[in-house]
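This report describes selected features of one model. The sequence and structure come first.

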Amino acid sequence: MACLNKLIVAALVLGLQCALGRSAAVDVESVERASTSADITRDWWQVAQFYQIYPRSFKDSDGDGIGDLQGIISKLDYLKEIGVTATWLSPIYSSPMADFGYDISDFYDIQEEYGTLSDFDELVSEAKKRNIKIILDFVPNHSSDENVWFQKSVKREKGYEDYYMWHDGYVNSTTGKREPPSNWLQAFRGSAWEWNEERQQYYLHQFAVKQPDLNYRNPAVVAQMKRVLTYWLDRGVAGFRMDAVPWCFEVLPDANGRYPDEPLSGYTDDPDESAYLKHIYTQDLRETVEMVFQWRTLLDDYQRIHGGDTRVIMVETYSDLDYVMQFYGNRTANGAQIPFNFQFIVGGNGDKNNIQLNAVGFVKIINSWLSQMPAGKTANWVMGNHDQRRVGSRYGENRIDLMNMLQMFLPGVSITYQGEEIGMTDLDISWEDSRDPAACNSNADIYEQFTRDPARTPFQWSDEANAGFSSNATTWLPINPNYVTVNVKAENATSPSHLSLYKQLVELRKLKTLQLGATRYASAGENLVAIKRSLTGEATYILVANVLDTSVTGLDVASPLFAKGTYKIKLSNPQAKATVGSSVTLNNLSLEPYGALILESV
């Protein structure tokens with residue numbers, strides 16, 4: 001049986017698709033080593049519901065059109081209401097806001113428009129009263145060019161000479177002009193090298209010009225960033241989401257001090273676009289993984305000395321899965337507890353438009369993570385974030401509830417981006433209103449390919465002016481006009497609604513079967529995704545979801561899921577047009593377009 005399961009997993013990994021009307025199933029108990037006993041327990045983070053807050057767009061407390069820390073404090077009861085275990089905040093450090101907080105001028109202070117250190121301490125304290133943990137966004141790869149470290153490095157002050165990546169560049173023998181050290185490109189279009197007139201050298205910036213890369217081959221930098229982590233641990237944070245980690249190390253120069261040019265990718269003809277090159281020398285180096293191991297050791301040592309719950313590391317990386325999985329650690333070193341699983345973002349269709357994705361595609365996405373995750377580790381599911389189009393815009397508004405049901409039903413950690421629980425969708429932002437440097441560094445003709453603004457619009461609290469987000473006449477980004485009906489107040493007063501179903505899913509996740517149980521999943525034809533969660537001595541639960549716009553009848557999910565007995569409907573989305581409590585026949589299942597049910601054994 002074990003050999004058969006391995007063959008099935010291999011077939012799915014290779015993308016083999018089932019013929020219409022047939023089923024493909026994978027039992028991943030051996031992959032994730034899921035317990036079959038209700039006596040096993042999990043650490044807090046392994047069954048947590050994480051919630052990402054983009055502070056600038058969450059809640060404005062002082063009427064300037066920009067969200068802030070006091071605004072977050074005012075909505076902690078809402079986070080408690082929707083079952084949030086921990087919330088991670090996008091950067092709130094002092095910043096010139098060239099990249100809205102990811103360009104940090106002081107890693108030890110709070111951006112003035114967001115509040116003060118006292119406000120932050122109050123946030124941690126008030127959150128703790130509600131059993132909510134605070135996770136900070138840690139930005140290790142770069143600082144702002146307005147950071148005192150960079151200013152000292154420009155002046156070659158002692159101890160800071162090599163804090164950043166500096167290079168003379170080369171004089172072109174034909175033109176006589178000085179040129180960058182290599183062809184490396186930044187993420188926001190154009191060369192990753194910028195000439196500094198005062199120092200008379202180029203510095204590396206793999207993101208915006210105002211975000212110079214720190215030099216992690218300098219032990220002083222490594223020590224400094226560990227001091228940053230310790231400083232915020234001392235202020236009570238429960239861990240860190242680590243931004244843009246794969247960029248932390250670059251390949252060493254050769255014996256002559258030359259950095260190698262990166263090869264062409266063949267993906268685009270635009271020589272300024274980051275995707276023009278294969279980033280084999282500037283991303284995904286092994287040293288980066290080992291640096292995360294060092295940070296994990298620091299957090300573990302801190303817990304051992306100071307006590308309290310486990311401090312966690314969440315790593316942002318869109319790299320290939322064989323590299324991502326290395327961040328979990330190995331036999332000799334612990335790594336990140338939560339290397340972000342972005343398969344529901346990068347998987348499916350290459351353009352991230354998955355509105356037509358069928359059941360086989362969904363199963364392939366699920367299997368891509370669970371089949372490669374190291375034994376004994378915990379899965380996590382990220383459907384969206386501040387850098388990506390919203391779930392309802394990528395997968396279709398008819399699938400909003402279905403996607404939340406999937407995320408909450410799959411084993412491990414759920415990570416929700418603010419607004420996904422109420423079904424917020426993208427707002428098309430004009431060139432004139434664009435704020436994202438990824439868009440603004442392009443032009444009016446192509447900016448929509450790069451902009452991240454549509455998913456960053458202010459949170460929709462009510463149908464009042466400015467969606468209840470701010471009392472100011474204007475907000476930093478426009479508000480989606482659909483706030484009149486898509487908002488917390490309206491959805492709290494209505495059932496069914498996206499929010500009411502989300503709350504029910506949060507409660508369902510507290511069941512032992514969903515926290516500890518084994519997982520088996522299958523596709524039945526083009527339409528149906530089926531997932532079984534089972535645990536000895538507990539009820540078994542099955543999620544069935546019709547992911548397409550056509551109804552299905554007479555499907556058998558009992559056989560591929562090895563499911564026996566009688567089942568009743570525990571939860572349903574509105575599209576299913578089903579009655580909670582009704583019995584369901586697993587070997588003769590019918591579902592409406594986009595209908596999704598969670599079934600309970602009886």
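What follows covers a helix pair, a sheet and a pocket.

The model is predicted: local features need pLDDT of at least 70, side-chain atom pairs count only at pLDDT 80 or more, and totals for chains, interfaces and linings use all residues. Residues are numbered from 1 along each chain as its sequence is written, and side-chain values use heavy atoms, without hydrogens and water.

Helices (H or I, at least four residues) and strands (E, at least two) are DSSP runs numbered from the N terminus. The axes of helix 13 (residues 400–409) and helix 16 (residues 498–508) are 10 Å apart, at an angle of about 10°; axes are lines fitted to C-alpha atoms over the stretch in contact, with angles from 0 to 180 degrees between N-to-C directions. The two helices are therefore roughly parallel (angles under 35 degrees). Their contact (heavy atoms within 4.5 Å) is made by these residues:

| Helix | Contact residues |
|---|---|
| Helix 13 | Ile-400, Asp-401, Asn-404, Met-405, Met-408 |
| Helix 16 | His-498, Leu-501, Tyr-502, Leu-505, Val-506 |

An open sheet has three strands in the order 7-11-10, with antiparallel pairing; strands pair if DSSP finds at least two bridges between them. Strand 7 (166–167) and strand 10 (193–196) are at the edges with a single partner strand each, so one side of each has no neighbour in the sheet. Strand 7 pairs with strand 11 (residues 201–204) over two bridges, and His-167 is opposite Tyr-202 in strand 11.

Helix 5 (117–129) and strand 6 (133–138) each supply at least two residues of the lining of the second largest pocket. Helix 5 gives the largest share, three residues. On a 1 Å grid over the protein atoms alone, a pocket is an open set of points where a 1.4 Å probe fits, with protein on both sides within 12 Å along at least five of seven lines; lining residues have an atom within 4 Å of a point.

How values were computed
Parallel < 35°, antiparallel > 145°, perpendicular 65-115°, else oblique.
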